[in-house]
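Biologist: Hi! Could you walk me through this protein, please?
Modeller: Happy to, here it is.

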Amino acid sequence: MKVYLPYGKEKIELDSDNATVLESKAKTYTVESSQEDIVRKALNNPIGSPKVSELAKDKNKITIITSDHTRPVPSKITPPIFLEEIRKGNPNADITILIATGFHRETTREEMIDKFGEEIVNNEKIIVHKSGVDEDMVELGKLPSGGTLLLNKHAINCDLLVSEGFIEPHFFAGFSGGRKSVLPGVASQKTVFANHCSKFIASEHSRTGLLDKNPIHKDMKYAAEKANLKFILNVVIDADKKVINAFAGDSVKAHEKGCEFVKDISSIDGIGADIVITTNGGYPLDQNIYQSVKSMTAAEACAAPDGIIIEVSRCNDGHGGESFYETFKNAESPKEVEDKILQIPMSETLADQWESQILARILVRHKVFFVADEENKDILKDMHIEYSPSIHQAIEKAISIKGKDAKIAIIPDGVSVIVNKKN
C-alpha cells in the first residue's frame with residue numbers, strides 16, 4: 001500500500017506495508033454540498049447568535065479579523081461570502097479587514113493576493129497587524145494570568161468585531177479558531193509573551209485537543225470577551241484544504257461546537273511506536289521549521305519514550321524565527337535550552353520562547369531526523385537536529401538504530417490529529 005505525504009505543494013509517495021497509518025477521519029469525510037454552500041448554510045443558521053447581517057444593521061465601523069499567510073484557511077471562499085452577508089445588513093458599512101499575524105512576520109501583498117485574490121486585495125481596506133507597534137494597541141486591563149491585555153486598536157475602536165478562520169487541533173491552545181483570532185492574532189507581543197510563558201507551555205493541560213483547565217485557552221477566551229468579539233465564522237478543512245464543515249455564530253458557543261466536531265474526526269490512538277513519520281500538512285503550514293514543531297508534537301505523543309521521529313517539511317522559508325533559531329544555535333544542547341527556558345518568569349518571556357521550549361522538550365527525549373529542502377541543512381545542524389536529504393534515507397537510518405522489527409507509525413498530516421497517548 002502507498003501513502004502520500006504532503007511536502008510543500010507536492011506529495012511524496014511512501015510504501016506503508018510495514019507501518020501503521022494514523023489519519024484524521026477528515027480525509028474520508030464526505031460532503032454532498034459545495035464549499036460555498038457549507039459556508040452559507042452556517043451563516044444562515046448561526047449558533048447562539050442572530051445572523052451577522054442582522055448584527056451589522058446599525059453598525060457603521062466593522063472589523064473582520066482574518067488569518068495570515070501561515071494558515072490554510074480557504075480565504076478565496078470565506079471572506080467574500082462573509083463580506084456579502086455583512087453588506088446585506090449594511091451596504092454602506094465602513095469595513096476593515098485586519099490580518100491576524102500574531103507574532104509572525106507581516107503578510108506581503110503577494111501573499112495576500114495568493115490567499116484572498118486580487119479583487120479583495122484591490123478593493124477592500126486591509127490592515128496587517130504588527131504586534132510590536134505599541135501605538136497601534138489599546139490597553140484593556142489584565143488577563144487572568146496577570147499579563148497586560150493590549151489589542152490592536154482596529155479591533156477595539158469599531159462598532160462590530162467579527163472574525164473568520166478555521167478550527168484544527170492546536171499543540172498548546174487545544175484548538176485553533178474562535179478566540180485565538182484575538183489572542184494571539186491581533187494582540188501586542190507583550191500580551192502574546194505573557195500568554196505563552198514557560199509555566200503555561202509546561203502545563204499538562206496545554207496540549208492538543210484540551211480546553212478544560214488549559215491556562216493558555218483561559219487567557220485567550222478572556223481576551224476575546226474583552227474585545228467584544230461578537231460573531232465568528234470558522235470552517236473545518238480536509239487534507240486537501242477543502243471545507244467539510246462550518247460553524248458560525250457566538251464566539252464561544254459556535255467555537256465549542258466546532259471543536260467537538262474536530263475532536264470527533266481527529267482523535268487517533270497512539271501506539272508507542274519505535275519510529276514515527278509525520279508531516280506538517282504541506283503548504284502553507286510547512287513553510288518553516290518553526291511551524292513544523294506542531295506536527296512533531298503529534299509524533300511525540302505517538303512515539304515510545306525513546307522513539308525516533310522523522311519530520312517531513314519543506315521549510316522553503318527557513319527557520320521561521322530569528323530568535324527561535326538563535327536560541328538553539330547559541331546553546332550547547334537542547335537540554336540547555338529546556339532548562340534555561342523553564343527558569344524564565346512570565347514578565348521576561350522571550351521572542352519565540354514557546355516554540356523553542358516545545359522543540360527542546362522533544363529533542364531532549366527523541367532522536368529527530370528532519371527531511372527538508374537542502375538549504376536548511378546548516379540551519380538544522382545549528383539547531384541540533386539531524387538533516388536527511390530524503391524520507392527513504394531517514395527511514396533506513398532509523399531502522400539501523402531501532403532494528404528491522406521496529407514498530408513504525410505514519411501520521412501523514414500531524415497537524416490534523418489529536419493523538420491519545422498510549423499509557
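Biologist: Which residues does the UniProt annotation "domain: LarA-like N-terminal" cover?
Modeller: In the unreviewed UniProt entry, that annotation covers residues 7-209. UniProt positions are given in the numbering used here, feature names are shortened, and annotations may be inferred rather than shown by experiment. A word on the source: this is a predicted model, where local features need pLDDT of at least 70 and side-chain atom pairs count only at pLDDT 80 or more, while totals for chains, interfaces and linings use all residues. Residues are numbered from 1 along each chain as its sequence is written, and side-chain values use heavy atoms, with hydrogens and water left out.

Biologist: Thanks! How much of residues 7-209 is helix and strand?
Modeller: That span is 28% helix and 25% strand, and its end C-alpha atoms lie 24 Å apart. Helices (H or I, at least four residues) and strands (E, at least two) are DSSP runs, numbered from the N terminus.

Biologist: And where does UniProt place "domain: Lactate racemase C-terminal"?
Modeller: The unreviewed entry puts that feature at residues 270-419. There the chain is 41% helix and 21% strand, with the end C-alpha atoms 6 Å apart.

Biologist: Now the sheet: in what order do the six strands come?
Modeller: The order is β6-β5-β4-β9-β12-β13, in an open sheet with mixed pairing. Two strands pair if DSSP finds at least two bridges between them. Since β6 (125-128) and β13 (243-249) each have a single partner strand, they stand at the edges, so one side of each is left without a neighbour in the sheet. From one strand to the next, the twist averages 20 degrees. Axes are lines fitted to C-alpha atoms, for helices over the stretch in contact, and angles run from 0 to 180 degrees between N-to-C directions.

Biologist: How many bridges join β9 to β12?
Modeller: Six, and these strands, β9 (residues 160-166) and β12 (residues 229-237), run parallel. For example, phenylalanine 166 has valine 235 in β12 as its bridge partner.

Biologist: Which strands does helix α1 touch?
Modeller: Helix α1 (residues 35-44) packs on the sheet and touches β12 and β13, its direction making about 20 degrees with that of β13. Contact means heavy atoms within 4.5 Å. Helix α4 (residues 109-116) also packs on the sheet, touching β4 (61-67), β5 (94-100) and β6, and its direction makes about 90 degrees with that of β4.

Biologist: Which α1 residues are buried?
Modeller: Gln35, Ile38, Val39, Ala42 and Leu43. They sit on the same side of α1, because they cover an arc of only 130 degrees around the axis. The arc is that of the directions from the helix axis to the C-beta atoms. Buried means under 20% relative accessible area, exposed over 50%, partly exposed in between (1.4 Å probe, protein chains only). The buried residues of α1 pack against α2 (52-55), α3 (78-89), β12 and β13.

Biologist: Last one: how many helices and strands does the chain have?
Modeller: The chain comes to 16 helices and 20 strands. Buried residues make up 60% of its 423 residues.
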